[in-house]
Amino acid sequence: PWPSPYILMVDRGGCTFVQKVRNAQRVGAAGVMIADNTCLCSFQDVCHPDPGHDCEIREPIMADDGSGSDISIPSFLMFKQDADLVKAELMANHVVRMEMQWSLPAPDDRVEYELWTTPTDTISKNFQRQFKEAAVALGDRAYFTPQMYIYDGLRSGCVSLDGENECYNLCTNNGRYCATDPDNDLDRGISGADVVRESLRRMCIWQHYGAVNGVGAEWWDYVNEFMYRCDTEEFFSNNQCIKDAMIHANIDDAKIDQCMSDSGGLEEDEENALLEVQLTAKDKSGVVILPAMYVNRVSIRGSLEFPTVFKAICSGYFTGTAPDVCATCDTCPDIKSCISNGYCGSKKLQESVSTMNMVYALAGLSAVFCLFSFIQHRRYERQMQAQVKGIIAEYMPLDQNQMQNTAVSDEDDIEFT
């Protein structure tokens with residue numbers, strides 16, 4: 001009913017955020033504003049809730065439900081007190097002009113980014129295999145933090161009133177720290193407790209090999225080695241396989257085992273300091289869907305891909321402070337190859353073509369100059385020959401006259417004699 005482009009405002013509720021935006025995209029909307037129908041408890045003094053709606057403690061997260069890869073238009077969630085004002089204008093048949101802007105916070109010359117995942121997360125595997133080169137190229141100008149997603153067993157009811165573990169092999173520390181069973185079979189395969197153990201191991205590796213500089217090349221190497229060697233039901237919790245992965249990643253396995261033990265271990269009914277830190281960080285971040293990438297504390301929506309994350313990191317620097325690798329590769333069609341080679345392939349090709357064109361141009365000019373010189377030389381030779389012939393032609397009659405005069409004089413001499 002409206003000429004495109006236009007921004008469509010829809011009410012929250014009835015279906016998922018993804019479905020709402022998809023429907024709006026199908027009818028030609030260039031963007032979507034979702035009007036919240038519930039007030040935040042912190043805004044009760046300015047927000048008036050609808051009948052039957054209680055206030056929310058936290059702002060809802062517009063998370064992808066896993067089916068949003070076909071959506072290409074932006075969408076925002078508007079607080080109820082703001083949306084009510086806009087809707088009142090629209091209901092009065094007044095035109096409302098709205099601008100949608102978004103950007104990452106860029107406070108300084110260093111970007112912080114973090115990845116929330118689990119050792120059994122299949123979606124983030126390709127990213128974890130590939131991104132080491134970018135992390136190393138960015139150096140200390142970008143600080144990475146791997147976050148392991150685990151569940152609080154106490155909140156989840158995995159510890160009974162008498163202190164028994166109600167979730168069996170899904171949890172460690174007598175039900176305190178839990179993870180979902182990746183194969184949904186409690187009797188075989190990888191257990192939730194195995195996932196928690198591997199999560200703690202990766203946290204210790206980061207603490208010893210990445211926390212100082214925020215790059216953690218050894219951490220990336222270990223994750224890749226683990227996925228290559230141990231990412232199967234048979235070897236996921238195999239100590240020898242894990243040790244081999246650490247050896248190939250140049251990691252001291254004894255140091256990591258000591259870290260896992262010193263943090264509180266996984267066997268006794270005791271708190272684990274590192275896992276407690278992860279639970280606290282998870283509550284603060286509000287992560288609900290894995291994997292989740294944050295750049296400067298802002299969630300990066302969409303698929304977890306190398307170019308998407310790299311561009312997001314490069315856009316998080318304060319103006320004029322981005323590292324050289326961003327200036328060189330951010331706009332390159334093949335960012336990964338650009339980072340590996342140190343230059344953008346297409347630009348290098350253009351430089352090569354320009355160089356060859358210069359060579360060919362110089363060769364052509366040289367050929368033209370040589371041809372012109374040859375023609376001028378031949379022309380000069382012809383002119384010289386013509387001049388010489390003209391001089392000779394002038395002297396030949398003179399010589400003949402002199403010979404005739406000499407003959408007459410001889411005859412006269414004879415007569416006089």
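Predicted model: local features only at pLDDT ≥ 70, side-chain atom pairs only at ≥ 80, totals over all residues.

Trainee: Let us begin with the cysteines: what makes cysteine 39 and cysteine 47 a disulfide?

Mentor: A pair of cysteine sulfur atoms has to lie within 2.5 Å, and the sulfur atoms of cysteine 39 and cysteine 47 are 1.9 Å apart, so the pair meets the cut-off and is called a disulfide. In general terms, a disulfide is a covalent bond between the sulfur atoms of two cysteines.

Trainee: How many disulfides does this rule give?

Mentor: The count comes to nine disulfides. Another of them joins cysteine 329 and cysteine 338, whose sulfur atoms are 2.0 Å apart.

Trainee: Why is the disulfide of cysteine 39 and cysteine 47 called left-handed?

Mentor: The torsion about its S-S bond is about -75 degrees, and therefore the disulfide of cysteine 39 and cysteine 47 is left-handed. For cysteine 329 and cysteine 338 the torsion about the S-S bond is likewise about -75 degrees, so that disulfide is left-handed too.

Trainee: How do you know whether cysteine 204 and cysteine 259 are buried or exposed?

Mentor: Buried means under 20% relative accessible area. Cysteine 204 has 0% relative accessibility, so this residue counts as buried, and cysteine 259, at 7%, counts as buried as well.

Trainee: Why is cysteine 15 given another label, and which one is it?

Mentor: The label partly exposed covers what lies between the 20% limit for buried and the 50% limit for exposed. Cysteine 15 has 36% relative accessibility, and therefore counts as partly exposed.

Trainee: Let us turn to helix H9: how does its span compare with the expected one?

Mentor: Helix H9 (residues 273–285) has 13 residues and reaches 19 Å from its first C-alpha to its last, which is close to the 18 Å expected at 1.5 Å a residue.

Trainee: Which residues of H9 are buried, and how do you know where they lie around the helix?

Mentor: The buried residues are Leu274, Leu275, Gln278, Leu279, Ala281 and Lys282. Seen down the axis of H9, these buried residues fall within an arc of 165 degrees, so they line one face of the helix. The face turned away from that buried side carries the exposed residues Val277 and Lys284. Among the elements that cover the buried residues of H9 are strand S4 (111–117), strand S5 (142–148), H5 and H8.

Trainee: Why is the pair of aspartate 11 and lysine 87 called a salt bridge?

Mentor: The nitrogen and the carboxyl oxygen must be within 4 Å, and for aspartate 11 and lysine 87 the N to O distance is 3.0 Å, so the pair is a salt bridge. Aspartate 11 in strand S1 (residues 7–11) and lysine 87 in helix H2 (residues 80–91) are 76 residues apart, and the pair links distant parts of the chain. Aspartate 11, with 42% relative accessible area, is partly exposed, and lysine 87, at 26%, counts as partly exposed too.

Trainee: What are the labels of aspartate 152 and arginine 155, which also form a salt bridge?

Mentor: The closest N and O atoms of aspartate 152 and arginine 155 are 3.7 Å apart. Aspartate 152 has a relative accessible area of 17% and is therefore buried, whereas arginine 155, with 62%, is exposed.

Trainee: How many salt bridges are found in the whole structure?

Mentor: The search finds 19 salt bridges, and Arg12, Asp36 and Glu56 are linked in a network of them.

Conventions:
Residues numbered from 1 in each chain as written. Heavy atoms only, no water. Buried < 20%, exposed > 50% of the residue type's maximum accessible area, 1.4 Å probe, protein only. Helix = DSSP H or I, 4+ residues; strand = E, 2+ residues; numbered from the N terminus. Expected span 1.5 Å × (residues − 1). Arc of directions from axis to C-beta. Contact = heavy atoms within 4.5 Å. Salt bridge = Lys/Arg side-chain N within 4 Å of Asp/Glu carboxyl O.
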